[in-house]
Structures are given as structure tokens and as C-alpha cells.
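Dear colleague,

I am handing this structure over to you, and I would ask you to look at it before reading on. My notes on what was found follow below it.

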Amino acid sequence: MKSCPGGEFAVGSKVAALMGGLGRTINGSYAEYTRAPATGVALIESDLPWEELAAIPESFATAWTCLFRNLELTKDQTLVIRGAMSAFGQAALNMAVEAGAKVIGTTRNLDRSGKLEDLGAHRVEVEGPDLSKRIAETKHIDAVLDLVGNSTILDSLRMLRRGGRACLAGWLGGLDPIADFNPLLQMASGVYLTFFGSFVFGTPGFPLSDVPLQAIAEKVAAGRYKAKPSRVFRFEDIREAHRVMEANEAKGKLVVRL
């Protein structure tokens, strides 16, 4: 079973999660065989279906690190997740709610808000570059996980209370550079801007042992985390899988069975 990027292979009930750039800095997204550094492999013991196992490592490990390391999220804090309908966003929403946070999620299409409400979102807002002007909690937000990216990160910073944190960890809105970013003029005093990219997993500063992958898999098995992929494709249908992803029709994690 493969979920790209990131993936799994199995021996009995033990599953090895591959992280740290597979499909990006390491070739082999859809390869039958590939080489991965030992530091990018972690064992998980689980009897979960392959489709659910394939959806765990990349989304949930990255979400866990962003929430509980970069953002230092704690119970009863208010978190905004921009781009919450993505697989990454849904994983982060699920984990934040389970940890006791109040979560406001954004999506470009409110017709999809039911999915986010089912995962425990306190409220769903329409995504847009002026979100900070439309929500009453602006200047009282503890944390923002920004998966839309460069086009919205300055607006995310405007929402934060003093001491609040924003984590830039996705680029659903594209990779155009932030125009004329001047922290002196565009960042409030006392707020924090952080970044996380999953390609660092397995490096000395970001060992996989820091991420509780076994505990995450157990919470998935117990139904506390929802990791079922939105769709599963045969490898023969890979073109359709890419079409669905590129057309923004995924509505969650896509898994390809090799």
C-alpha cells in the first residue's frame, strides 16, 4: 500500500512508516522498490486496514508536530486552521479537538463544512485573504495553522493575540512569494511566526521518535482519530487519482494501492 508522499510496508501486524522526503527529495513515490534512510523508518504495530494505515504517517505526523511542537497548542486554546478540508487540515482538526482546543476551520466551499463539523470544528468560515477582518476572535486567537500559505500568512499573523503563534506548513494557495514582507511594519509585536516541512523528519533535529506514531495508530483504531481515506485507487487508475487531486475533488486523503 502506498500513500504519496510517505507510505507503509508490512511484516505481520508490524507496519513500517516511511517519512522524511519520500516522493520529494527521495525518489520512489510509486516504485515497487526504493531505498530510504533508516532514520526515516518507524515501526507501528497495528491491525488497521491498509487504507487507513497508508493515510496516517504523512498527515498525522506532520499535523502533530505543527500543533504540539511549533504551535505548542494546549487545552482550551483557540486555533484557526486555514485549509482545513485538506487531508492535512482534517488530521490537524481531529487532533486539536481531541486535545481540547476550540477550532475554527476554513474552506473555500461551505458546502463541505459538514465534514469539518463532524470532526469537531467549533465553526467553519469561508477562506479568503481578509479573514482577520471577518472573525470576532481576531486579536484573541492563540494559534493559526496556515495551510493556504504565502497569500494568507500575513493575514494569519493579524489574528493573533500577544504571544500567539502562527505556523506556515502548506501552500494550497500557491507558491507566489510574500510581497514586500517587512516584519517591522507587518507583524504585531510579541507574536511568533514558525514554519514546518515534513521533509525534515528523520534528520538529527527532527527524529521520528519524537512523534508518537504508535499512539496515533492506536487512537485511529479506537475511533478517536478519523484516518479513513476519502478514496482508494488501483495503481492502474493513477491518472484518475491525480486528476481528482489536481481538480480539488479529493475532500481528504487519497490512497493508491500498488
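**Notes on the model**

R165 lies over the face of Y192, at 4.6 Å from the ring centre; a charge counts as sitting over a ring if NZ of Lys or CZ of Arg is within 6 Å of the ring centre and within 35 degrees of the ring normal. Please bear in mind that this is a predicted model, in which local features need pLDDT of at least 70 and side-chain atom pairs count only at pLDDT 80 or more, whereas totals for chains, interfaces and linings use all residues. Residues are numbered from 1 along each chain as its sequence is written, and side-chain values use heavy atoms, with hydrogens and water left out.

To begin with the overall picture, the secondary structure of the chain comes to nine helices and 11 strands, where helices (H or I, at least four residues) and strands (E, at least two) are DSSP runs numbered from the N terminus. Of the 258 residues in the chain, 52% are buried, with buried meaning under 20% relative accessible area, exposed over 50%, and partly exposed in between (1.4 Å probe, protein chains only). Among contacts (heavy atoms within 4.5 Å) between residues at least 6 apart in sequence, 62% join residues at least 24 apart.

As to the sheet, six strands form an open arrangement in the order 6-5-4-7-8-9, with parallel pairing; two strands pair if DSSP finds at least two bridges between them. Its edges are strand 6 (123-126) and strand 9 (192-195), each of which pairs on one side only. On average, and with direction ignored, neighbouring strands of this sheet are turned by 20 degrees against each other; axes here are lines fitted to C-alpha atoms, for helices over the stretch in contact, and angles run from 0 to 180 degrees between N-to-C directions. Strand 4 (residues 78-82) and strand 5 (residues 102-107) run parallel and are joined by four bridges, and I81 stands opposite G105 in strand 5. Helix 3 (residues 87-98) packs on the sheet, where it touches strand 4, strand 5 and strand 7, and its direction makes about 170 degrees with that of strand 4.

Helix 2 (residues 57-70) lies across strand 4, strand 7 (141-146), strand 8 (160-168) and strand 9, running at about 155 degrees to strand 8. Because 12 of its 14 residues are buried, helix 2 is largely enclosed by the rest of the structure; F60, W64 and L67 are among those buried residues. Just after helix 2, E72 takes a positive phi of about 50 degrees, and D76 also has a positive phi, near 75 degrees.

T107, in strand 5, is buried with a relative accessible area of 6%, and its side chain reaches the backbone nitrogen of N109 at 3.3 Å. Leaving aside neighbours within four places in sequence, the contacts of T107 include M85, R112, V126 and E127. E127, for its part, is in the loop between strand 6 and helix 5 (131-134) and counts as buried at 14% relative accessibility. The side chain of E127 makes a polar contact with the side chain of R82 at 2.6 Å; such a contact is a pair of N or O atoms within 3.5 Å, where within protein one must be able to donate a hydrogen and the other to accept it, and residues adjacent in sequence count only if both atoms are side-chain atoms. With neighbours within four places in sequence again left aside, E127 is in contact with residues including T106, R134 and V148.

G174, in the loop between strand 8 and helix 7 (183-186), is partly exposed at 29% relative accessibility, and its C-alpha atom is separated by 7.7 Å from that of V148, 26 residues apart along the chain.

Finally, the structure holds five aromatic pairs, and F196, F201 and F206 form one aromatic cluster; rings of Phe, Tyr and Trp (its six-membered ring) pair if their centres lie within 6.5 Å, and planes under 30 degrees apart count as stacked, over 60 as edge-to-face and the rest as tilted.

With best regards
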